[in-house]
Amino acid sequence: VHAGPFGNIAHGNSSIIADRVALRLADLVITEAGFGADLGAEKFFNIKCRKSGLKPSAAVIVATVRALKMHGGVERSALSAPDVAAVERGLENLGRHIRNTGQYGVPLAVAINHFSADTQAEIDVIKSYVEQHGARAYLCTQWADGGAGAVELAGAVRALADGPHAQFRTLYDDGLGLWDKARVVARGVYGAD
């Protein structure tokens with residue numbers, strides 16, 4: 001839910017007002033923290049949640065075989081060709097997003113947004129990697145199957161949100177100075193030395 005056209009563009013999040021309206025209308029609200037777990041989610045957790053008092057119960061990281069292949073060095077023109085090795089190389093990027101999100105104390109799931117050229121071997125290597133990192137990945141085919149293509153993910157997110165595991169926290173205390181806050185984010189999220 002957005003506040004209006006480009007209401008989210010400043011840091012890839014829907015507005016606090018939109019989330020509060022949604023919370024009055026539903027038992028479970030899914031909100032956007034876009035641009036990746038190293039930008040949109042970081043700002044969602046450290047800025048939006050801190051200022052709104054909202055505490056997330058779960059998180060979903062969206063991945064695609066195509067993006068992981070690109071992170072693994074495949075050119076855009078070759079993304080439709082099967083390439084498990086490239087997916088494996090690209091998984092380092094997904095692993096960083098899982099690690100970043102895990103710092104905030106919320107359980108997470110990974111949604112594999114399916115493309116028709118994806119192979120089962122590529123999907124399996126993603127699922128295995130995600131499980132090795134303490135989460136589960138769900139194949140989502142909503143582009144072809146509508147809502148039915150994301151039912152398994154929806155059930156998993158509901159179970160995570162209803163579970164006892166969320167212990168939400170931000171990465172830094174309000175009382176830290178500006179440079180100390182920037183240092184925590186730069187080192188903890190972006191890998192600065």
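Visitor: What makes a local feature or a side-chain atom pair count here?

Guide: As this is a predicted model, local features need pLDDT of at least 70 and side-chain atom pairs count only at pLDDT 80 or more, while totals for chains, interfaces and linings use all residues. Residues are numbered from 1 along each chain as its sequence is written, and side-chain values use heavy atoms, with hydrogens and water left out.

Visitor: Why are F45 and Y104 called a stacked aromatic pair?

Guide: Rings of Phe, Tyr and Trp (its six-membered ring) pair if their centres lie within 6.5 Å; planes under 30 degrees apart count as stacked, over 60 as edge-to-face and the rest as tilted. For F45 and Y104 the centres are 4.2 Å apart and the planes 25 degrees apart, so the pair meets the rule for stacked.

Visitor: What parts of the chain does the pair of F45 and Y104 tie together?

Guide: F45 lies in helix α2 (residues 40-52) and Y104 in the loop between α4 (84-102) and β2, so the pair ties together parts that are 59 residues apart in sequence. Helices (H or I, at least four residues) and strands (E, at least two) are DSSP runs, numbered from the N terminus.

Visitor: Why is the pair of F45 and F168 called tilted?

Guide: The ring centres of F45 and F168 are 5.8 Å apart and the planes stand at 40 degrees, so the pair is tilted. F168 is in the loop between α7 (151-162) and α8 (178-188), so this contact joins parts 123 residues apart in sequence. By the same rule the count comes to three aromatic pairs, and F44, F45, Y104 and F168 form one aromatic cluster.

Visitor: How do you know whether F45 is buried or exposed?

Guide: Buried means under 20% relative accessible area, exposed over 50%, partly exposed in between (1.4 Å probe, protein chains only). F45 has a relative accessible area of 4%, so F45 is buried. Y104 is buried as well.

Visitor: What makes D174 and R50 a salt bridge?

Guide: The term requires a side-chain nitrogen of Lys or Arg within 4 Å of a carboxyl oxygen of Asp or Glu. D174 and R50 meet at 3.1 Å, N to O, so they qualify. D174 sits in the loop between α7 and α8 and R50 in helix α2, 124 residues apart, so the pair links distant parts of the chain. R50, at 18%, is buried, whereas D174, at 46%, counts as partly exposed.

Visitor: How many salt bridges does a search of the whole structure find?

Guide: The search finds five salt bridges. Among them is R158 with D162, where the closest N and O atoms are 2.9 Å apart. Both residues lie in helix α7, four residues apart, about one turn of the helix. R158 is partly exposed at 35%, and D162 is exposed at 53%. Another of them joins R183 to D180 at 2.8 Å between the closest N and O atoms. R183 and D180 are three residues apart in helix α8, which means a separation of about one helical turn. R183 has 38% relative accessibility and counts as partly exposed; D180, with 35%, is also partly exposed.

Visitor: What makes β1 and β2 a pair of strands?

Guide: Two strands pair if DSSP finds at least two bridges between them. β1 and β2 have five bridges, in the parallel sense, so they pair. One of the contacts is V60, whose bridge partner in β2 is A109. β2 (residues 108-113) and β3 (residues 136-140) also pair in the parallel sense over five bridges. In that pairing, N113 has C140 as its bridge partner in β3.
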